[in-house]
Amino acid sequence: MGFLKKATKQREFMIFAIVLGVMIIMSFASPYFFTTSNLLALLLGLSVEVIMAVGMTSLMVGGGFDMSVGSIVGFTGASTALLITHGFPIVLAVLVGIIIGGIIGLFNGFIISKVGINPFVTTLASLSLFRGLTLIITQGQNVTNLGKIFSVIGQKTILGIQMPIWYALILVIVGDILLRKSRFFRQNYYIGGNEKAAKLSGISVNKVKILNYTIVGLLAGVAGIVMTSRLGSASVTAGTGMELRVITAVIIGGASLQGGEGSVIGAFLGSLLMAIITNALTLLGVDVYWQTFVIGATLLIAVVIDRAGKIRKERNTNKGGENVCNTQVTNG
Amino acid sequence: MSSYVLEARQIVKTFPGVYALSCVDLKVKSGEVHALVGENGAGKSTLMLTLGGVYKADSGTILIDGEEVSFDSANDANKKGISVVYQELSLVPNLNVAENIFANRQPLKAFGLIDWKKLYDDTKEMLSLFEIDYIDPFTLVKDLSIANQQVVEILKAMSFEPKVLILDEPTSSLTEPEVQQLFCNIKKLKSKGIAFIYISHHLNEIFEIADRVTVLRDGKYVCEADVKDIDEDFLVTKMVGRKIENIYGKRDENSKIGEVLFEAIDISAKGLFEHVSFNVRKGEIVGFSGLVGAGRTEVGRSIFGAEPIESGCLILDGKKISVNNTRSAMKQGIGYLSEDRKSQGLYLNFGIRENLISNRLEDFCDGKFVNERKVDENANESVYKYGIITPSVSQIVGNLSGGNQQKVLLGTWIGINPKLLIVDEPTKGVDVGAKSDIYKLLRELAATGVGIIMISSDLPEILGVTDRIIVMKNGSIAGELDRREANEEKVIALAAGVGTNQKGA
């Protein structure tokens, strides 16, 4: 019983329940919803986002933030595609693409933690920088004719399930285990929860932060290549606006901008919830223009419910002793 | 071979332009509670942070068990046997008790994964070792009371198996029963041979828990003594021990203090202060003294409407007033100079002229638009009147010295023509010359019939400038002293609660 009680208090459980609820309602509302093809299409649609959400969760738990992932997707996809059309071996082109993503992440992380520029500002600049570079290297033209072999990465199926879904699922499982259970990634909870305390506990805060941005960059690189392969071409606008969907999913999944909370499973469920709602609206024949609106509403409702729960809890546990802290001035 | 577990010799630590510690000695025997006392700014915190590995001393040596050591970081100090429990707790609220105690040292199994079972077993073992049955290893730290959070912090420090545990103002947010609980825990650990460095303002606690005491003053070592050989007066004299210099200006003995201008009757705000009553007369400067956190600032802020008052009433000029917010307080003639001019007082990136009108923009408007000529006139007049040293009235306030910034802030508030002006730490971080100017300005303002409440931790300033001193302790008024009878010992005695029965916070 204790376990069940605890589980129901988790944000992940709440989202899972909502996802389940929407699925049950939809299975009655539309005969197409519970078909394999619809569900697979749904998962395929969110797989690229989820790949990035895994890294973004770790980053946001550590108090970081990255607006540039959408542009990294565009840039790495275009770079890889151009390398291929210029005759590079596919394996090399793919590796270079992923490494470029990692270097961009390293660049963001370095500026943020060593130079000390705000994460939002830094990655906002990167968003424009790398979208711009994508336009420069492609001259605004989509890159096509990438060949059959390259398309395997994004189009092959195993057990009837497309590769991008496999990548996403594996990354979610591995990412969740690492963030939940490995001491190394667990450091993010300390950094995001109380950076000063983390430093006093001997955590190399800057190192972990830089690594977080690098991982986000690497995963965005992977996402860019998967997407390019799946679509068979690198579009200059690929990934535009994706950063917002990824960050939204992570926040719905329980993370906050202050850091210290969130989980990979939560982020996956957040992404799934958005996709299911979008899918449901389509199947129910609601005007597509409502989709973005509904995503915004979902995010707002999730955080308001969370906030309300926290306020209630604070009232129960705090007896007003905390005001003292605000007014104390350390001597010396 | 040294008989001391920790010995600090001739520690010097400077910050740009300031000697925070000059040649400080500290010797701690194993199994003793060694109190470290001194006024605000005496260097206690600096010494603690140096011993804890956060600061690096400029010179001097630290010995543990007679062997010289140096620390690269707080973590390194932990490993070498010195742990610190900071006044601001350094816990991670969203993680549970076990993960906080073994922060970044969780036991591992294969692949760097955390061995949760062992983590919780180790935590339970620690809890039972210290006979703590009221804390569960699975509880999130944010769900614990402040006192229990402190227990977790102490357990975290103890998990390094330190030889010396430094406690910085450990009772500052505890109630009396919680203080007793803490003392009980200290005695238990002491009997196991742990040495404590106990930093506190509360002298009565020192006589209750400490074996020996070292006194610091102005960053210098003053003396060391066995607690059983000394009394409170001795300690207070050693802590204060300095003369009042004549920067406070001459008191005009003919100055007339008028009738009662302002009265607070039995005002309370939950958790901040309780049953506070006092009055201020026209032309009077009333000093508010007490320890940091005693509730002085909160009383000031409440009168100014920045914090709500829950019960009691305020009377100004014989009429009952209500201040719902700062604007209504200003309208009724109350001004408040905040203790933190940089974050709560001034607009640092604006010019002097803009700052001076920031709280009464409407006075400088013709219709909807600001009249720049009026703003300049006001600025020029203020710069002259308050002796602000600046190349121009457009100078960005952030570029001024602390003293000149404070004068701009004072000018901003004198500008509203207050009947009652509350000044909170008016000379914090201000050099001596500007201090003297500020005291003169305050006196001149009082001479025009304005009532002034001066909240200050600077005792000589309180004694030198005010007409009457109200001492606060734990959110209540501990006593009131006329300036003729007041001296530093009496104020400290009231503020630290020596000789009075301590009430629960």
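What share of the contacts in chain B with a separation of 6 or more comes from residues 24 or more positions apart? The share is 68%. Two residues are in contact if their C-beta atoms, placed from the backbone, lie within 7 Å.

This is a predicted model: local features need pLDDT of at least 70, side-chain atom pairs count only at pLDDT 80 or more, and totals for chains, interfaces and linings use all residues. Residues are numbered from 1 along each chain as its sequence is written, while chains are lettered from A and ligands numbered from 1 in the order in which they are written.

**Select chain B.** Its C-alpha trace spans about 75 × 50 × 45 Å along the principal axes. Look for 17 helices and 22 strands. These are DSSP runs numbered from the N terminus: helices are H or I with at least four residues, strands are E with at least two.

**Select β12, β11, β14 and β15 of chain B.** In that order they form an open sheet with antiparallel pairing. Strands pair if DSSP finds at least two bridges between them. β12 (273-281) and β15 (319-321) stand at the edges with a single partner strand each, so one side of each has no neighbour in the sheet.

**Zoom in on β11 and β14.** Five bridges join β11 (residues 260-269) to β14 (residues 311-316) in chain B. Find B:Ala264: opposite stands B:Leu314 in β14(B).
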